[in-house]
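Here is a walk through one structure.

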Amino acid sequence: MAARKVLIGGGTGFVGRHLGELLTNNGYRVVNVSRMPGANNISWSTLESSGLPACTCAVVNCAGQMFMDFTRRWTPGFKQNVQNSRVYTTRALSKAINESQDKPKVFVLITGVGAYEPSETKKYDESSPTTGTDFFSKLLVYWEKAASVDPPVRLVIIRSGAVLGRTGGMIQNMFLPFYLGVGGRIGSGKQYLPWIHVHDLTRLIQFAIENENVTGILNGVAPQVITNEEFTKAFAKALSRPAFFPVPEAILNFLLHEERAMIMTKGQHVTPKRVLDYGFKYDYDNIDAACKEFAYLFPAKK
Ligand SMILES: NC(=O)c1ccc[n+]([C@@H]2O[C@H](COP(=O)([O-])OP(=O)(O)OC[C@H]3O[C@@H](n4cnc5c(N)ncnc54)[C@H](OP(=O)(O)O)[C@@H]3O)[C@@H](O)[C@H]2O)c1
């Protein structure tokens, strides 16, 4: 019997690589849609002209221009790229799904908790409205609208918190200062930090692929709600380092632009109510255990 195939937009990235490995270990064949050639890759133009590869049982979109790229200025052009790389890839995958004869069972889109307006007082679950007026809340509305697939294909949108793991995302950016003992909280440290270990995010994606009753929005966050200060203490403890050097909010606003820096300087209290209702079990449900897993200097190649 042919292996079940999963098509992953942006499967070459941090989340996509971990997902590809998990699915391959579980007997799936993985094909990436990528801007780069590669053994398991097809291009976005091939997707557009030839449609989904045969026997695709699930499609996942992890594509998007990394916005916390400190080498890139927050210009109108870059912001457009951040938005288009998410909206256009999601639209291209939706179109390929809707036009396919042999339909996949499910389309899983990974978006972010930026859907919820940052606040130190409001509490959000999946039923909360996306009312924000900032760049990221607005982007999330366009991005999620682009995921329009006709029934019977299930649509699952996972609004992910900061994805924690040694080889990408926020940890890769802050590992060295923390390892050298010059890490610290960001701003007051009181802002919430919705988070999920990359291992649990990819397990949640597989859970969404395999459970036919799972549909709609899921908050891809750990059930333990923490602040930036609590994360800072847990990460420093896991590395056995002090973390006495707070990063002032004004410096981040100056270096990154306030609109982008808010991803770090502001946060949201987000819980995964529907994920828990579906019975998903987290392997990393507390930040101390999560930080211990990636507190090592040399990452294995992944
Ligand atoms: N990491 C996090 O903490 C986090 C948190 C919340 C949400 N998310 C979302 O989850 C998704 C995956 O995150 P990640 O950390 O795996 O990101 P990543 O490591 O930056 O990988 C994203 C992938 O998207 C593709 N890509 C980048 N720019 C593109 C462009 N202009 N047009 C088309 N494709 C482009 C790249 O694939 P190719 O180079 O092969 O084309 C890249 O491998 C993103 O949409 C991100 O916004 C991530």
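**The sheet and its ligand**

In this predicted model, 7 strands form an open sheet with parallel pairing, in the order S3-S2-S1-S4-S5-S7-S10. Strand S3 (41-42) and strand S10 (216-220) stand at the edges. Each has a single partner strand, so one side of each is left without a neighbour in the sheet.

Strands of a sheet pair through backbone hydrogen bonds, either parallel or antiparallel. Look at S5 and strand S7 (residues 154-160). They run parallel, joined by 7 bridges. At one of them, valine 106 has arginine 154 in S7 as its bridge partner. Helix H4 (residues 135-145) packs on the sheet and touches S5, S7 and S10. The direction of H4 makes about 175° with that of S5.

Now turn to the ligand. Which residues come nearest to it? They are Thr12, Val15, Ser34, Arg35 and Val163, out of 23 residues around the ligand. By type, the shell divides into 9 nonpolar, 12 polar and 2 charged residues.

A backbone N or O atom of glycine 64 lies 3.0 Å from a ligand oxygen atom. For arginine 86, a polar side-chain atom lies 2.9 Å from an oxygen atom of the ligand. For valine 163, a backbone N or O atom lies 2.8 Å from an oxygen atom of the ligand. Taken alone, the ligand exposes 890 Å², and the protein buries 84% of that.

Which elements give two or more residues to this shell? They are helix H1 (14-25), helix H3 (76-99), strand S5 (106-112) and strand S8 (162-164). H3 gives the largest share, 4 residues.

Note on methods. Residues numbered from 1 in each chain as written. Predicted model: local features only at pLDDT ≥ 70, side-chain atom pairs only at ≥ 80, totals over all residues. Heavy atoms only, no water. Near = heavy atom within 4 Å. Polar contact = N/O pair within 3.5 Å; in protein donor to acceptor, adjacent residues only side chain to side chain. Areas by Shrake-Rupley, 256 points an atom, 1.4 Å probe, with all protein chains shown as cover. Nonpolar A, V, L, I, M, F, W, Y, C, P; charged D, E, K, R; others polar. Pairing = 2+ DSSP bridges. Contact = heavy atoms within 4.5 Å. Axes fitted to C-alpha atoms, helices over the stretch in contact; angles between N-to-C directions.
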